[in-house]
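These are my notebook entries on one structure. I set down what I looked up, entry by entry.

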Amino acid sequence: MPELRFSPAALAEVKRLLAHYPADRKKSALLPVLHLAQNELGPHLSVPLMDYVAGLLEITPIEVYEVASFYTMFNTRPVGRFKLEPCRTGPCALNGAEDLIAYLEKKLGIRDGETTADGLFTLKSTECLGSCGSAPVMQIGEDYHENLTFAEVDRLLENLKQRAGR
Ligand code: FES
């Protein structure tokens with residue numbers, strides 16, 4: 001396993017973040033540091049990676065596990081190359097989110113929370129993405145896809161497969 005250690009640039013960013021807080025409140029930087037860890041050393045926050053973050057912030061590992069497992073944007077289990085996050089909350093549910101999730105499950109041959117055997121897609125339904133006016137919505141990476149239809153989902157998946165050379 002490669003050594004879990006931030007690059008010099010990421011370490012500089014951690015230092016910059018910590019400068020916002022008193023020296024005995026390093027935990028305050030936990031969320032942005034977890035984002036850094038997931039982005040640079042992920043794509044998932046393994047136990048050794050969370051332990052590394054705990055060491056950097058001088059907090060206990062359980063304090064990191066609790067936060068990482070609470071927020072859906074953090075992956076505490078391995079994920080595929082593309083993480084599909086359809087919203088399942090009220091307005092999206094009223095606009096077909098349940099059917100959309102069922103459609104994705106059938107199309108990908110996996111259940112919500114699982115990853116396809118080829119490692120390409122992880123389906124992870126999520127709570128409100130804050131774009132309720134354009135429900136149903138799905139986040140893929142940093143992008144939002146709104147007013148989704150089955151046809152649009154087909155198009156998105158095909159584009160992602162092409163991007164991955166499949
Ligand atoms: S309920 Fe889906 S974005 Fe708000």
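Predicted model: local features only at pLDDT ≥ 70, side-chain atom pairs only at ≥ 80, totals over all residues.

**Entry 1: A37.** I began with A37, which touches G42, L45, L49 and V53, leaving out residues up to four places away in sequence. Residues are numbered from 1 along each chain as its sequence is written.

**Entry 2: The cores.** I then looked up the largest nonpolar core, which has 16 residues; V33, L34, A37, L49 and V53 have the most contacts inside it. The elements giving two or more residues to this core are α2 (30-41), α3 (47-57) and α4 (61-70). I found a second, separate core of 14 residues, with C87, C92, L123 and A135 included. A nonpolar core is a set of buried Ala, Val, Leu, Ile, Met, Phe, Trp, Tyr and Cys residues joined through C-beta atoms within 7 Å. A residue is buried if 20 or more other C-beta atoms lie within 10 Å of its own, exposed if 12 or fewer, and partly exposed in between.

**Entry 3: The chain.** I recorded seven helices and four strands in the protein chain. Helices (H or I, at least four residues) and strands (E, at least two) are DSSP runs, numbered from the N terminus. Of the 166 residues of the protein chain, 24% count as buried.

**Entry 4: α2 with α3.** The axes of α2 and α3 come within 11 Å and cross at roughly 140°. That makes α2 oblique to α3. Axes are lines fitted to C-alpha atoms, for helices over the stretch in contact, and angles run from 0 to 180 degrees between N-to-C directions. Angles under 35 degrees count as roughly parallel, over 145 as roughly antiparallel, 65 to 115 as roughly perpendicular and the rest as oblique. I listed L30, V33, L34, A37 and L41 of α2 and L49, V53, L56 and L57 of α3 as making the contact. By class, this contact has nine nonpolar, no polar and no charged residues. Ala, Val, Leu, Ile, Met, Phe, Trp, Tyr, Cys and Pro count as nonpolar, Asp, Glu, Lys and Arg as charged, and the others, Gly among them, as polar.

**Entry 5: α1 with α2.** Helix α1 (residues 8-18) packs with α2 at an angle of about 170°, their axes 10 Å apart. The two helices α1 and α2 are therefore roughly antiparallel to each other. I found A10, E13, V14 and L17 of α1 meeting P32, V33, L36 and E40 of α2. The contact of α1 with α2 has six nonpolar, no polar and two charged residues.

**Entry 6: Backbone details.** I looked up a cis peptide bond joining G42 and P43, with omega about 25°; P43 has its place in the loop between α2 and α3. Another entry is the cis peptide bond that joins A135 and P136, where omega is about 0°. E58, although not a glycine, has a positive phi of about 55°, and its place is in the loop between α3 and α4. E58 counts as exposed, with 10 C-beta neighbours inside 10 Å.

Note on methods. Contact = placed C-beta atoms within 7 Å.
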